[in-house]
Every structure is written in structure tokens, then in C-alpha cells.
Amino acid sequence: MSAREVAITPFDGQKPGTSGLRKKVNVFRQPGYLEAFVQSVFDSQTDLRGGTLVLGGDGRFFNRQAIQVILRMAAANGIARMLVGRAGILSTPAASAVIRRHGAQGGLILSASHNPGGPDGDFGIKFNIGNGGPAPESVTEAIYRRTTQIDRYRVFDHHDIDLDHVSLQHINDMAVEVIDPVDDYAALLETLFDFDAIRALIRRPDFRFRFDAMHAVTGPYAKRLLVEMLGAPADAVINAEPKEDFGGGHPDPNPAHAEELYRETVLEGGLDFAAASDGDGDRNMILGKGIAVSPSDSLAVLAANATLVPGYAKGIAGVARSMPTSRAADAVAADLGLACFETPTGWKFFGNLLDAGRITLCGEESYGTSSAHVREKDGLWAVLFWLNLLAAKPGETVASLLSAHWRRFGRHYYSRHDYEAVDTGIATAALQRLRDALPSLPENRIGEHVVTTADDFAYTDPIDNSVSKGQGLRVVCGEQARVIARLSGTGTEGATVRVYFEVFESDPARQHDDVQARIAPLVDFAERITGLRKASGRSGPDVIT
């Protein structure tokens with residue numbers, strides 16, 4: 001059998017963003033659109049030829065069809081072996097684990113993460129490199145350059161592969177191994193956590209626990225880990241069946257989109273511990289009775305207590321956070337004498353630090369936390385880490401753990417305000433007003449705080465010395481407060497503007513105030529400078545987390 005070449009012309013806008021190429025489903029379904037991007041990956045990443053490639057996604061609409069196209073193209077482009085998750089399913093952290101465990105040269109992950117699915121929803125594809133992590137900018141730039149020049153793609157004419165059974169099949173000379181999507185991942189997590197202790201905690205009659213898979217990819221993973229391996233009752237995992245449209249919901253684990261879980265746990269106190277994950281399984285929300293854990297605090301608490309968990313009992317090398325994430329982890333690192341790094345938003349920036357052994361834990365404010373065990377955010381890993389901490393500290397609750405942490409390290413009041421689907425011109429102009437004001441802001445007051453520096457964040461990678469500029473506008477009031485604004489690269493419609501607010505409080509008597517009340521002067525300041533709310537015609541942010 002010989003491969004067929006199909007002539008195409010380049011499509012505009014195929015530059016991968018923070019987490020790959022994301023567009024509406026109807027864009028990806030254009031003849032040749034998916035093929036142009038995938039061929040650009042194969043053309044620019046020549047070391048894939050003769051190697052192993054991992055393939056899978058979050059099960060959203062168009063996932064199965066895209067997998068069949070990619071398999072036929074991979075065979076035509078000299079890939080020797082494909083590892084595909086059964087039913088086309090592989091969570092993003094599981095894909096990273098499979099790449100690393102099997103020595104693959106890379107992987108293609110089909111997901112738009114926390115964005116809605118279905119025929120009118122979003123779709124996405126990203127390329128992960130051989131360390132299991134998202135491709136660095138040098139690779140994504142090479143892929144993008146090729147998309148602007150692409151003139152043909154290569155494909156075999158072949159019947160669809162059976163994705164629903166673990167099996168070995170072939171397309172011409174290429175082996176297609178359909179694998180259980182959970183096995184490698186579950187085996188990895190079992191090496192990190194004290195499953196016996198977690199099992200005892202979950203089985204306690206006074207411990208009420210629930211995990212919401214949001215009809216997304218983590219359903220099969222949660223059922224295997226939490227129910228089959230750790231003994232949780234079957235009804236402790238809800239919305240466990242992955243659906244192409246996520247059951248009509250928005251698979252973003254935050255109080256706005258996991259409203260019922262939040263109400264039952266935080267507002268009504270009906271559960272002692274609850275958690276949720278997103279579309280592709282790399283994000284997590286942690287809730288306790290009467291309290292929601294901010295992702296920034298979650299990273300800090302895990303770093304402060306890491307030695308209580310078997311996989312980190314010998315200590316951690318360091319910690320890293322994205323620049324908009326609160327400085328709670330910095331306080332822990334300073335107290336424990338650990339290295340601490342501030343990177344741009346995007347998990348790919350943690351990869352070099354992890355590979356070099358400079359850090360062990362890392363996280364972003366957008367509900368993403370993980371460690372050196374993979375090279376992606378890992379939602380269920382974070383859930384098991386919290387369960388392990390609760391098991392290792394009998395009598396403690398999520399609320400008491402947070403209160404003790406704040407007393408020791410101080411509390412960083414923190415919130416993110418999202419303005420979604422804003423007209424691109426309005427969003428750009430609002431941020432430009434802030435950018436223009438930066439030189440004049442130092443020594444100005446924001447409520448009780450004084451601005452010390454104001455800049456556009458740039459990052460020099462300490463491992464390879466690469467420089468990333470224009471990574472977010474910062475207004476910093478010493479160690480006491482920050483306001484940050486940036487455009488998000490994860491949306492598919494209009495522009496998403498994220499504005500972040502942070503206030504530090506060292507006095508335990510003032511560490512249990514309302515978050516929005518504490519940041520109100522910063523919110524007013526941001527609106528005065530940017531005029532974003534007024535210009536976009538909004539009464540307030542679309543989402544507050």
C-alpha cells in the first residue's frame with residue numbers, strides 16, 4: 001500500500017496558543033484543516049519518524065473522527081508505533097505518563113481542556129514532546145511556520161481502527177496498540193501516595209466525600225482509583241460517564257461551573273471533602289466543609305506538607321508558580337529554604353525546571369497543580385495528595401489545615417476576575433491603557449498600599465536562557481499587594497481578559513475576611529485605569545474565582 005498525497009493551501013490562524021491549537025468544532029471540521037496542522041507537526045518534527053507516538057483525548061465531540069484521521073496520517077508519515085487510549089480516551093496527565101513510561105517520542109492530545117464541547121463547542125489539539133510535556137515555544141513556532149507554507153498532506157486510505165477494545169492492529173507497517181487509558185497512570189500514582197491510609201480515611205463513616213468528573217475524561221480514572229482501588233462507595237464519584245458534550249455542562253472545575261458541589265460542601269457543609277476536575281483531567285478544585293481552597297493556596301499547602309506523602313518524604317527540590325498565581329508558595333519556599341521560580345502562564349515553562357531537577361512541585365492559579373511525576377497539570381494527583389494529607393493528620397479538616405497554614409505563613413487573599421468573549425479591539429485597548437500608565441504608577445497609592453513597581457513581565461529561562469516577553473502587566477505594592485492583567489490564550493471566541501488581585505495579611509485576626517471585600521480597592525483601581533468594565537458594557541466580571 002502506498003500513501004496518498006492531497007494538495008491543500010494554508011489556513012490562517014493555526015498558531016498554537018498556551019495549550020495548543022483551539023478553535024470551534026466547525027473550524028476543525030473544514031476539509032483539510034486538521035490535516036494541515038497534523039502534517040505540519042510531522043514535517044517539522046522529523047525525529048518522530050520511526051518512533052512511537054501517543055494519541056488520545058478527552059472524549060469531546062469530534063475526538064473519535066480526528067483520531068482516525070491522525071492514525072492514517074501517522075502511518076503515511078513513517079511513524080512506527082501508535083499508542084492510543086481505548087475509546088479514544090486519554091486524560092492529559094495520563095498521556096504524559098504514557099509518553100514517559102513507554103519512551104515515546106511525543107504525543108498528540110485532543111482536547112480544549114475546560115472549554116465547552118459538543119457540535120457547537122470547542123475542539124483542540126496539542127503536541128507534547130518526549131519528556132511528556134507541552135511543546136516549548138521553539139517547537140510550536142516551528143509547527144506554526146510550517147502551517148503557513150503547507151501545500152499537501154500524506155495519508156493512507158484505510159478502514160477505521162477499532163478503538164473500543166485493547167488490541168494490536170496495523171495500518172500498513174505501523175503498529176496501532178489500543179491500550180487501557182488508566183493502567184499506566186494508576187500504577188504511577190500508587191507509587192506516590194499511601195493508599196492504605198487514604199483507604200482508611202475514605203471508609204470512615206464520619207468522612208463524607210465526593211468527586212465530580214463533570215461528564216469529562218476523569219470519570220474512568222476516578223472510578224478506578226477512588227472506587228475500585230481505594231474503596232469509596234460508587235456514588236462518591238458523580239457525573240462519571242464521559243460525554244461528547246460534557247452532559248451540556250461547562251467542564252471547568254470552579255465555583256461557577258461546579259455550582260451544586262460548591263453549594264453542598266462550602267455553603268451547606270454537607271460534605272467534609274469534595275473535588276472536581278475538568279474536561280481533560282489536568283485541573284482540580286478542592287473544597288472542604290465551609291471553605292473553598294484557592295489554587296494558589298493549594299500549591300502552598302502541598303509544598304509545606306509534602307514530606308507527609310510517601311512520594312515526597314525525602315523533601316522537594318523547589319517549587320514554581322506562574323506569575324499571576326499568588327505568592328503563597330513563595331512564603332513557604334522562603335521559610336523552608338527551597339528554591340522558588342516565577343514563570344509565565346503556560347505549563348510548558350515548568351518543563352525545563354522539572355527536567356533539570358530544580359523543582360518538584362509546580363502550579364498555576366487556574367486550578368492546575370502537579371509535580372515531577374509527569375510534565376502536565378494533574379487533577380486527580382492533587383485530589384489524592386489532599387486526601388493523603390488529611391489521612392496523615394487525624395482530626396484535621398480542610399478548613400483547619402488552611403487556618404494553620406495561614407497562621408504560619410500569612411494569608412494571600414486572592415481572586416481572578418474574567419471578562420469573557422470581549423471584543424478584541426476593546427480588550428486590547430483596555431490593556432493598552434494600563435500599559436501606557438505603568439511608568440507613572442510607582443509611589444501612587446491603592447487603598448492602604450503603595451505601588452513600588454509596575455511592568456510588563458518578561459521571563460528568562462534559567463536553564464536554556466530563552467526569553468519570553470509581554471507575559472502580563474503587573475502593578476506591585478511590595479510584598480503587600482498586586483494587580484495583574486493579561487489576555488488569556490485558552491479561549492476560542494473574542495478575547496478573554498483576566499485580572500488578578502492579591503493582598504497579603506500576616507495578622508491571624510484578619511485572615512478570615514471576605515475575599516472580595518479585601519481586594520475591593522484593587523478592583524476599583526484596575527477599573528479606573530483600564531475602563532474595561534465600562535468599555536465592554538459589563539456590570540462586572542463574567543466569572544469570579
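**Stop 1: a pocket**

The second largest pocket holds about 640 Å³ of space. A pocket is an open set of points on a 1 Å grid over the protein atoms alone, where a 1.4 Å probe fits and protein lies on both sides within 12 Å along at least five of seven lines. Grid points are joined across faces, edges and corners, and the volume is the space filled by probe spheres set on the points.

A note on the model: it is predicted, so local features need pLDDT of at least 70 and side-chain atom pairs count only at pLDDT 80 or more, while totals for chains, interfaces and linings use all residues. Residues are numbered from 1 along each chain as its sequence is written, and side-chain values use heavy atoms, with hydrogens and water left out.

Select Tyr262, Ala292, Arg411, Tyr414 and Val515: of the 30 lining residues of the second largest pocket, these lie nearest its centre. Lining residues have an atom within 4 Å of a point. The elements that give two or more residues to this lining are α9 (259–267), β13 (284–288), β14 (291–293), α10 (295–304), α14 (398–409), β19 (411–422) and α16 (515–530). Helices (H or I, at least four residues) and strands (E, at least two) are DSSP runs, numbered from the N terminus.

Which element gives the largest share of the lining of the second largest pocket? Strand β19 does, with six residues.

Now colour the lining by class. There are 17 nonpolar, seven polar and six charged residues. Ala, Val, Leu, Ile, Met, Phe, Trp, Tyr, Cys and Pro count as nonpolar, Asp, Glu, Lys and Arg as charged, and the others, Gly among them, as polar.

**Stop 2**

Select residues 273–277, strand β12. Five of its five residues are buried. Buried means under 20% relative accessible area, exposed over 50%, and partly exposed in between (1.4 Å probe, protein chains only). In a regular strand the side chains alternate between the two faces of the sheet. Phe273, Ala275 and Ser277 point one way from β12, and Ala274 and Ala276 point the other way.

Two strands pair if DSSP finds at least two bridges between them. Arginine 210 stands opposite alanine 274 in β12.

Next, show β13. Five bridges join β12 to β13, and the two run antiparallel. Serine 277 has asparagine 284 in β13 as its bridge partner. β12 and β13 form a hairpin with six residues between them. In the turn, find glycine 281, with a positive phi of about 85°.

**Stop 3: two positive phi values**

Select methionine 214, in the loop between β10 and α8 (218–229). Its phi is near 55°, a positive value in a residue other than glycine. Methionine 214 is buried, at 8% relative accessibility.

Then go to phenylalanine 246, in the loop between β11 (237–238) and α9. Phenylalanine 246 also has a positive phi, near 55°. Is this residue buried or exposed? Phenylalanine 246 is buried, at 2% relative accessibility.

**Stop 4**

β2 pairs with β6 (residues 122–129) in the antiparallel sense over four bridges. Look for leucine 21, whose bridge partner in β6 is isoleucine 125.

The other sheet is open too, with four strands in the order β16-β15-β17-β18 and mixed pairing. Its edge strands are β16 (339–343) and β18 (368–371), each pairing on one side only. β15 and β16 run parallel, joined by five bridges. Serine 322 has threonine 343 in β16 as its bridge partner.

**Stop 5: cysteines**

How many disulfides does the structure hold? It holds zero. A disulfide is a pair of cysteine sulfur atoms within 2.5 Å.

Cysteine 340 is partly exposed, at 29% relative accessibility. Finish at cysteine 477, whose sulfur is 20 Å from the closest cysteine sulfur, in cysteine 340, again too far for a bond. Cysteine 477 is buried, at 5% relative accessibility.
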